[in-house]
Amino acid sequence: MALSAKLTMRQGQTMVLTPQLLQAIKLLQMPNLELTQFIENELASNPLLERAEEREDPNPEPQDGAGVADAPAEPGDWAGEALETDAGGLAANLGTEVDNAFDSDRTAPALKPAPADGLSAHAWTGLGVGADAGEAPDLEAYVAEALSLRDHLQRQAAILLADPAERIIGAALIDGLDEAGYFDGSIAEIADRLGAAVEGVERVLMRMQGLEPTGVFARSLAECLALQLKERDRFDPAMQALIENLPALAKRDFPLLRRACGVDDEDLSDMIAEIRRLEPKPGRAFGDPPAAPAIPDVHVSAAPDFGWRVELNTRALPRVLVNEVYAAEIRRGAKRDEDRQYVSTQLQAANWLTKSLEQRARTILNVASEIVRRQDSFLLEGVSRLKPLNLKMIGEAIGVHESTVSRATAHKFIQTPRGLFEMKYFFTAAIASSEPGQAHSAEAVRQRIRQMIDDENPEEVLSDDVIVERLRKADILVARRTVAKYRDSLRIPSSVERRKMKMAPMRARVERDNSLAAEL
């Protein structure tokens with residue numbers, strides 16, 4: 001077979017992801033904090049972008065009406081304000097067809113001014129970003145610097161250890177701590193590296209174990225708990241035996257613990273309760289700084305017509321505008337082609353960013369409104385009425401691909417009358433029902449299992465098989481392994497372990513009553 005080179009022509013269709021489209025996709029899935037940082041970088045790099053508060057406009061004109069959508073209480077009567085997205089504009093500008101694209105030729109509808117009560121259906125203005133007129137004070141400037149565990153221990157060691165050689169050993173021991181405050185280094189390795197005796201390092205370690213927080217420099221969980229009990233003067237022989245049998249405590253082997261400690265059920269329960277009050281990770285208070293509170297992207301509140309009002313949280317992000325006047329002035333004064341090309345490039349990037357932010361706001365609002373419409377019963381009655389929902393159902397309802405719904409709900413939060421939830425929370429698998437055409441939410445079934453176990457009689461602890469039968473009577477068809485999986489996800493022990501836990505206090509009360517009766 002002879003090999004030869006030749007030219008052929010082939011016609012086909014393919015998806016072309018331009019840099020602008022990639023930016024729009026990236027912005028859609030960004031959480032608020034990350035998007036804020038991205039906008040700050042764009043403001044610093046693009047001279048044609050500016051904050052809305054930097055432009056003093058006594059008569060601002062609203063530019064968009066995508067901020068609020070009313071979700072009715074009845075799923076069958078959807079009368080909310082539909083915000084449609086046209087894919088034709090993006091196809092014309094980019095030479096590609098994508099779901100949820102931008103319409104470059106469409107102008108934003110005019111809006112009515114917001115009333116004083118703040119409940120206007122057009123309270124959201126601008127290009128998908130916040131609209132606060134004033135600048136909030138920088139509260140971080142008044143927050144004290146967080147003290148690390150290392151710094152806290154070094155300050156104490158400087159007072160505790162007077163000998164310079166011991167201070168060097170103490171610094172090496174501090175370096176060997178993990179985030180929980182446990183010493184996971186090697187005493188022999190420290191002694192060899194510093195040229196000190198192993199006994200001397202051990203002696204310094206014992207002294208360092210007296211520092212605050214109590215339990216630091218422990219080499220095991222048992223030693224950590226023992227140090228805390230010694231400080232409270234509660235490390236008696238019975239408690240020492242309990243500490244030495246922590247594996248049996250984890251397995252809830254109470255008969256073995258009673259024999260090892262030589263105590264009755266009542267005393268054992270008190271000892272276990274005291275163990276639970278101890279801190280197994282003493283360095284936890286000096287760990288990573290607390291996570292920033294979740295900022296809701298969408299607010300849901302009750303509407304006067306007994307429906308639901310869905311609003312974007314416009315205060316979560318800065319508001320940006322394109323300075324067309326400044327761009328025109330620069331273009332008129334530019335004498336070189338490179339300068340004019342630079343202005344055109346920056347102006348195009350600025351316009352695309354504002355369109356991307358506008359589209360991001362519209363998509364998030366559409367998705368949130370459809371979620372509220374479908375989960376109306378959850379908002380009214382709680383988690384027991386949560387309905388099965390997936391990305392495809394939302395995508396088909398608002399006319400976008402399910403991948404767009406996934407990006408729009410990633411790391412996004414919605415504030416409802418029942419609390420703050422991540423949007424992903426409302427997407428749950430369906431559990432079959434005995435009634436044709438009906439299904440139950442997996443999260444609702446999980447909470448039903450929790451409620452059944454919380455209400456169970458200590459003398460008749462429910463096994464997984466019994467739970468399956470009770471769910472079947474409630475028209476919920478679920479397998480035993482599914483009940484076990486949901487129970488494990490709720491961190492609920494098995495029926496055997498629950499029976500031991502719940503019967504121990506009852507046996508203690510019976511023995512106490514019998515002893516009192518014998519004395520009488």
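1. A quick term before we start: a crossing of two helices is left-handed if the near helix is turned anticlockwise from the far one by less than a right angle, and right-handed if clockwise. The crossing of H4 and H5 here is right-handed. Helices (H or I, at least four residues) and strands (E, at least two) are DSSP runs, numbered from the N terminus.

2. Keep in mind that this is a predicted model: local features need pLDDT of at least 70, side-chain atom pairs count only at pLDDT 80 or more, and totals for chains, interfaces and linings use all residues. Residues are numbered from 1 along each chain as its sequence is written, and side-chain values use heavy atoms, with hydrogens and water left out.

3. Back to that pair. The axes of H4 (residues 149-160) and H5 (residues 164-175) come within 10 Å and cross at roughly 160°. (Axes are lines fitted to C-alpha atoms, for helices over the stretch in contact, and angles run from 0 to 180 degrees between N-to-C directions.) H4 and H5 are therefore roughly antiparallel to each other; angles under 35 degrees count as roughly parallel, over 145 as roughly antiparallel, 65 to 115 as roughly perpendicular and the rest as oblique. On the H4 side, Arg150, Leu153, Gln154 and Ala158 make the contact, and H5 brings Arg167, Ile174 and Asp175 (contact means heavy atoms within 4.5 Å).

4. Now try H1 (residues 19-29) and H17 (residues 402-409): their axes come within 6 Å and cross at roughly 50°. That makes H1 oblique to H17. Ile25, Leu28 and Gln29 of H1 touch Thr404, Arg407 and Ala408 of H17.

5. (Two strands pair if DSSP finds at least two bridges between them.) Two residues sit between S6 and S7, and phenylalanine 413 has glutamate 422 as its bridge partner in S7.

6. The loop between H7 (198-208) and H8 (221-231) holds proline 213, which a cis peptide bond joins to glutamate 212, with omega about -5°. Phenylalanine 217 lies in that loop between H7 and H8 too, and its phi is positive, near 70°. Most residues other than glycine have a negative phi, and most peptide bonds are trans.

7. Finally, pLDDT (the predictor's confidence in each residue, from 0 to 100). The protein chain averages 79, and 77% of the residues score at least 70. Over residues 73-134, pLDDT stays under 50. Where pLDDT is low, the predicted coordinates should not be read in detail.
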